[in-house]
Amino acid sequence: MTQGNLGQETPAHHRLVGQPHTDAEGPIAAAESRAAQLRSPDEPLGPPGPRANWRSPFFMGLAGTAGVAVTYAAVRGLESVSSMLLLVAAAFFIALGLEPAVSWLVVRGLPRWAAVTVVAVSVFALIAGSIAACIPPLAEQARQFIDLAPRYMQSVQDHSSWIGRLNDRFGLQQRVTDAVHGLGGSAVSEVVKAGSTVVGAVADSFILAILTVYFLISIPRIRATLYRFAPNSRRPRTILIGDEVCAKVGAYLLGNVVISVITGVATFAWLIAFGIPYPVLLAIFVALLDLVPFGSTVAGFIVAAVALTVSLPVAIATVIFYLVLRVVEDYLLMPKIIGRAVEIPAVTTVVAVLIGGGLLGVVGALVAIPVAAALQLIMREVLFPRLDES
């Protein structure tokens with residue numbers, strides 16, 4: 001025992017660790033006696049010791065080796081969870097996009113939990129309603145296709161029809177037959193693979209929805225925590241810039257929805273004008289796919305395939321219509337609606353989508369425009385003033 005600075009006998013070691021302690025510990029027992037003398041009411045664990053010489057060759061080599069090892073482990077770890085990180089990033093992006101609506105309701109007197117509930121239920125109801133509207137026409141379309149399949153096969157074998165002439169020229173029927181026979185041996189594995197893909201997509205959608213709701217609930221806490229990382233002297237400026245970036249994400253999401261609605265209405269008008277079947281189903285389908293960059297182009301070719309049931313000229317005209325619609329959307333609607341909402345030039349909007357899609361696929365294309373808007377805002381408010389003053 002030694003006499004500590006607290007005015008009473010204090011042990012030279014912790015009474016709950018490694019008991020019993022004896023003098024047989026040798027040099028450690030002597031160090032424990034000195035440790036007891038370091039205690040004080042202000043520093044019960046003793047004052048900090050002298051700083052280590054981090055510039056010594058040993059520590060520099062150790063730090064360099066550890067840095068390489070940590071970087072390698074971090075890269076491998078990110079690769080192993082990349083798909084889940086994309087889900088988290090997508091959920092956070094969607095939550096930021098819905099945050100203006102939640103905050104708008106909160107400002108008007110609703111508690112945050114109630115505002116999040118209203119917004120989440122509204123979005124989920126819209127998605128569920130769209131899916132429910134698609135199911136009856138889709139089932140009817142499948143039934144009609146099965147009923148008309150013999151007629152289609154007869155048209156393929158009719159050398160005087162346009163589809164028969166295409167079959168004679170390109171051998172469509174033989175190619176389809178060869179493809180079916182080629183898949184026959186692996187039909188079970190293909191079905192299992194397709195089933196696992198569908199189950200995975202449903203699971204990812206469920207996780208995305210849950211994460212989005214949690215992010216919406218926690219955005220005030222997340223916001224405060226992120227701003228704590230800024231130095232106190234720069235924190236007010238960081239808050240102003242950060243909140244402006246979040247507002248631009250919400251404006252981008254709203255603009256993207258507006259463009260999708262315009263594309264869906266244009267599709268519905270085109271289908272009605274040319275008598276293409278299932279106009280409501282296909283218009284909803286195109287509008288939903290248009291939420292993803294370049295999704296309307298893929299949907300356009302599917303609509304053109306349906307237009308083949310009317311005539312070949314109508315199908316070709318439909319392809320041309322969607323190519324023109326793609327140009328109008330990219331160079332007129334996106335710059336005027338989304339570009340104006342996030343206040344970035346038209347060329348930056350298009351280039352950002354191309355680069356984001358090339359780097360991270362669909363998620364990259366989705367977040368490319370708000371990221372470009374954030375970078376432009378930071379450069380305008382932080383980088384350029386400092387360069388002008390230097």
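Predicted model: local features only at pLDDT ≥ 70, side-chain atom pairs only at ≥ 80, totals over all residues.
A helix axis is a line fitted to C-alpha atoms over the stretch in contact, and the angle between two axes runs from 0 to 180 degrees between N-to-C directions.

## Overall make-up

The chain contains 12 helices and two strands. Read from the N terminus, the order of elements is β-β-α-α-α-α-α-α-α-α-α-α-α-α. Of its 390 residues, 27% count as buried. Among the contacts between residues at least 6 apart in sequence, 59% join residues at least 24 apart.

## Helix 3 against helix 8

At what angle do the axes of helix 3 and helix 8 cross? Helix 3 covers residues 82-107 and helix 8 covers residues 235-273; their axes come within 7 Å and cross at roughly 90°. Angles of 65 to 115 degrees count as roughly perpendicular, and helix 3 and helix 8 are therefore roughly perpendicular to each other. On the side of helix 3, the contact is made by Phe93, Ile94, Leu96, Gly97, Leu98 and Pro100. Helix 8 contributes Cys246, Val249, Gly250, Tyr252 and Leu253. Sorted by type, the residues of this contact are nine nonpolar, two polar and no charged.

Helix 8 has 39 residues, which at 1.5 Å a residue should span 57 Å. After helix 8 comes Gly275, which has a positive phi near 65°.

## Salt bridges

| Pair | N to O distance |
|---|---|
| Glu99 and Arg112 | 2.6 Å |
| Arg223 and Asp243 | 2.9 Å |
| Arg326 and Glu329 | 3.3 Å |

Glu99 and Arg112 form a salt bridge in which the closest N and O atoms are 2.6 Å apart. This pair links distant parts of the chain, with Glu99 in helix 3 and Arg112 in helix 4, 13 residues apart. Both Glu99 and Arg112 are buried.

The side chains of Arg223 and Asp243 also meet in a salt bridge. Arg223 lies in helix 7 (residues 187-228) and Asp243 in helix 8, so the pair ties together parts that are 20 residues apart in sequence. Are these two residues buried or partly exposed? Arg223 is partly exposed, because its relative accessible area is 36%. Asp243 is partly exposed as well, with a relative accessible area of 31%.

Arg326 and Glu329 both belong to helix 11 (residues 312-342). They are three residues apart there, so about one helical turn separates them. Buried means under 20% relative accessible area. Arg326 therefore counts as buried at 9% relative accessibility, and Glu329 counts as buried at 3%.

Helix 9 (residues 279-290) has 12 residues, which at 1.5 Å a residue should span 16 Å. The end C-alpha atoms of helix 9 are 16 Å apart, which agrees. Which residues of helix 9 are buried? They are Pro279, Leu281, Leu282, Ala283, Val286, Ala287 and Asp290.

Leu291 sits in the loop between helix 9 and helix 10 (295-307). With 31% relative accessibility, Leu291 counts as partly exposed. Neighbours within four places in sequence aside, Leu291 is in contact with Asn256, Val257, Ser260 and Leu366. Leu291 and Leu366 are 75 residues apart along the chain, while their C-alpha atoms are separated by 8.6 Å.

## Ala133 and Val280

Ala133 is part of helix 4 (residues 112-157). Its relative accessibility is 34%, so Ala133 counts as partly exposed. How far apart are Ala133 and Val280 in sequence and in space? In sequence they are 147 residues apart, and in space 8.5 Å, from C-alpha to C-alpha.

Technical notes: Residues numbered from 1 in each chain as written. Heavy atoms only, no water. Helix = DSSP H or I, 4+ residues; strand = E, 2+ residues; numbered from the N terminus. Parallel < 35°, antiparallel > 145°, perpendicular 65-115°, else oblique. Contact = heavy atoms within 4.5 Å. Nonpolar A, V, L, I, M, F, W, Y, C, P; charged D, E, K, R; others polar. Buried < 20%, exposed > 50% of the residue type's maximum accessible area, 1.4 Å probe, protein only. Expected span 1.5 Å × (residues − 1). Salt bridge = Lys/Arg side-chain N within 4 Å of Asp/Glu carboxyl O.
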